[in-house]
Amino acid sequence: MNDNDDSGYALETLAVRAGQHRTGEGEHSEPIFPTSSYVFGSAAEAAARFAGDEPGNIYSRFTNPTVRTFEERLAALEGGERCVATASGMAAILATCLGLLEQGQHIVSSRSIFGSTVVLFDKYLSRCGIQTSYVPIDDLDAWDAAIRPETGLLFVETPSNPLTEMADIEALAKLAHARDCLLVVDNCFCTPALQRPLALGADIVIHSATKYLDGQGRCVGGAVVGDAQLVGEDVYGFLRTAGPSMSPFNAWVFLKGLETLPLRMQAHCANALALAQWLEQQPQIERVYYPGLVSHPRHGLAERQMSGFGGIVAFDVAGGREAAWRLIDATRMLSITANLGDTKTTITHPATTTHGRLSPEARLQAGIGDGLVRVAVGLESIDDIQADIARGL
Ligand SMILES: *Cc1c(COP(=O)(O)O)cnc(C)c1O
């Protein structure tokens with residue numbers, strides 16, 4: 001693959017090769033450039049770079065070659081013109097909102113989004129005069145009714161965490177554009193290996209690279225993907241000024257993660273589907289939430305919108321909190337942690353961890369019962385994962 005020629009290649013090929021620009025050393029693996037600044041050939045060149053008249057590196061808060069390789073690779077995978085890498089997934093969401101919205105504007109968001117995103121919207125963006133309304137993820141009429149003249153963007157995560165509720169991205173994009181808004185999709189749970197929101201009409205894709213893009217639980221990072229204006233100018237403009245940029249070391253780790261992303265996601269999906277089907281057979285399990293199950297209320301949408309059903313499985317254990325905790329505590333191999341997107345399978349009790357700060361009524365409304373357990377299925381043998389969960393049943 002020649003430099004800058006990402007056209008026509010399959011996802012698996014882009015994951016391995018997109019964005020690499022070899023230096024004169026002929027290195028095979030992508031190099032890390034741990035440099036904060038860059039040297040100019042002359043005073044005139046420095047002036048031209050600073051004036052923006054000439055392309056090139058100035059300072060690693062703005063650009064870094066290793067980070068750029070990660071950005072180009074992820075942009076190619078998502079099918080976007082531009083990607084900007086950020087210090088974390090939360091920094092990606094912050095940069096998107098502050099890069100694209102002004103005081104007085106408004107966000108309509110799915111109610112079922114990452115907890116820190118809710119705090120960012122309600123506690124911090126509200127201080128900048130940006131208010132957020134929340135709607136049920138799958139109720140298109142509610143989305144429509146919540147849009148105001150000052151609404152700038154719609155924000156959604158699909159499938160949701162932990163109940164794997166689904167939004168129809170194509171329908172939401174149509175609604176957003178009919179009402180002069182942008183659609184932002186947090187694609188952290190699926191990655192471009194399973195779902196490509198831009199091809200379905202979304203304007204912006206957000207990632208926590210911390211999860212499946214790394215895939216091995218090593219680094220914190222994030223990214224925003226979209227077109228040259230929205231992402232390349234507006235989001236990037238905020239980022240280079242405010243500074244939550246990605247370190248070249250982390251970008252290199254994410255590059256190595258991306259190379260195996262399609263393979264890993266297939267394996268996560270296969271394990272998760274097998275686990276979900278097995279859980280459905282267990283008499284102590286009242287309900288299993290997984291888009292790959294025929295019993296999932298939006299299984300048809302999942303089949304249309306995703307090329308695999310993801311690695312997150314949730315289920316209600318009969319007996320409430322006591323039974324859920326007993327099941328979690330009986331595991332010997334699974335990691336008891338709220339993290340996800342790792343080779344290692346993790347198990348968590350949402351009602352007392354990720355959703356513990358909600359009032360009991362709000363939790364009930366969100367469908368997070370006391371017996372609910374979430375498993376982020378890793379890459380161990382499915383037999384060992386099942387045996388570990390079976391211990392506490
Ligand atoms: C983890 C996560 C985030 C935040 O990402 P960080 O890298 O932890 O800042 C945002 N959205 C979703 C869906 C996540 O799972």
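**Start inside**

A search of the whole structure turns up 1 cavity of 30 Å³ or more. The model you have open is a predicted one. That largest cavity has a volume of about 60 Å³. To find it, select Pro-159, Thr-164, Phe-189, Cys-190, Pro-291, Met-306, Phe-309, Gly-310, Gly-311 and Ile-312, which line the cavity. What classes of residue make up the lining? There are 7 nonpolar and 3 polar residues, and no charged ones. Now colour by domain. Domain 1 (11-259) and domain 2 (262-390) each supply at least three residues to the lining of the largest cavity.

Pro-159 sits in the loop between strand E4 (151-157) and helix H7 (169-178). Most residues other than glycine have a negative phi, and most peptide bonds are trans. Check the bond between Thr-158 and Pro-159: it is cis, with omega about -5 degrees. Move on to Asn-161 and Pro-162. A cis peptide bond joins these two as well, with omega about 0 degrees. Pro-162 lies in the loop between E4 and H7.

Next, select Thr-164, in the loop between E4 and H7. Thr-164 is not a glycine, yet its phi is positive, about 55 degrees. Is Thr-164 buried or exposed? Its relative accessibility is 2%, so Thr-164 counts as buried.

Then go to Asp-180, in the loop between H7 and strand E5 (182-186). Asp-180 also has a positive phi, about 65 degrees, although it is not a glycine. Asp-180 has a relative accessibility of 70% and therefore counts as exposed.

**Aromatic pairs**

Show the rings of Phe, Tyr and Trp. The count comes to 5 aromatic pairs. Two of them are worth a stop.

Select Phe-70 and Phe-254. Their rings form a tilted pair, 5.7 Å centre to centre, with 45 degrees between the planes. The pair links distant parts of the chain: Phe-70 is in helix H3 and Phe-254 in helix H9 (residues 248-259), 184 residues apart. Phe-70 has a relative accessible area of 0%, so this residue is buried. Phe-254 counts as buried too, because its relative accessibility is 0%.

Now select Tyr-290 and Phe-309. This aromatic pair is edge-to-face, at 6.4 Å centre to centre and 75 degrees between the planes. Tyr-290 lies in the loop between strand E8 (285-289) and helix H11 (299-305), while Phe-309 lies in the loop between H11 and strand E9 (312-317). The two are 19 residues apart. Both Tyr-290 and Phe-309 are buried.

**Charge over a ring**

Pick Arg-321 and Trp-325. The charged end of Arg-321 sits over the ring of Trp-325, 3.9 Å from its centre. Then pick Arg-82 and Tyr-236. Arg-82 lies over the face of Tyr-236, at 6.0 Å from the ring centre.

How many residues line the second largest pocket? There are 20, and the closest to its centre are Thr-63, Arg-68, Glu-71, Arg-82 and Cys-83. Show helix H3 (65-78), strand E1 (82-86) and helix H8 (230-242): these are the elements that give two or more residues to the lining. H3 makes the largest contribution, 5 residues. By class, the lining has 9 nonpolar, 5 polar and 6 charged residues.

**The largest pocket**

Finish with the largest pocket, which contains about 760 Å³ of space. Its lining counts 30 residues; Ile-113, Gly-115, Val-118, His-355 and Leu-358 lie nearest the centre. Highlight helix H5 (115-124) and helix H13 (360-366), the elements that give two or more residues to this lining. H5 provides the largest share, 4 residues. The lining has 15 nonpolar, 10 polar and 5 charged residues.

Where does the largest pocket lie? It lies between domain 1 (11-259) and domain 2 (262-390), because both give residues to its lining.

Methods:
Residues numbered from 1 in each chain as written. Predicted model: local features only at pLDDT ≥ 70, side-chain atom pairs only at ≥ 80, totals over all residues. Heavy atoms only, no water. 1 Å grid on protein atoms, 1.4 Å probe; cavity = no way out; pocket = protein on both sides within 12 Å on 5 of 7 lines; lining within 4 Å. Points joined across faces, edges and corners; volume = space filled by probe spheres on them. Nonpolar A, V, L, I, M, F, W, Y, C, P; charged D, E, K, R; others polar. Domains from an automatic or database assignment. Phe/Tyr/Trp six-rings, centres within 6.5 Å; stacked < 30°, edge-to-face > 60°. Buried < 20%, exposed > 50% of the residue type's maximum accessible area, 1.4 Å probe, protein only. Lys NZ or Arg CZ within 6 Å of the ring centre and 35° of its normal.
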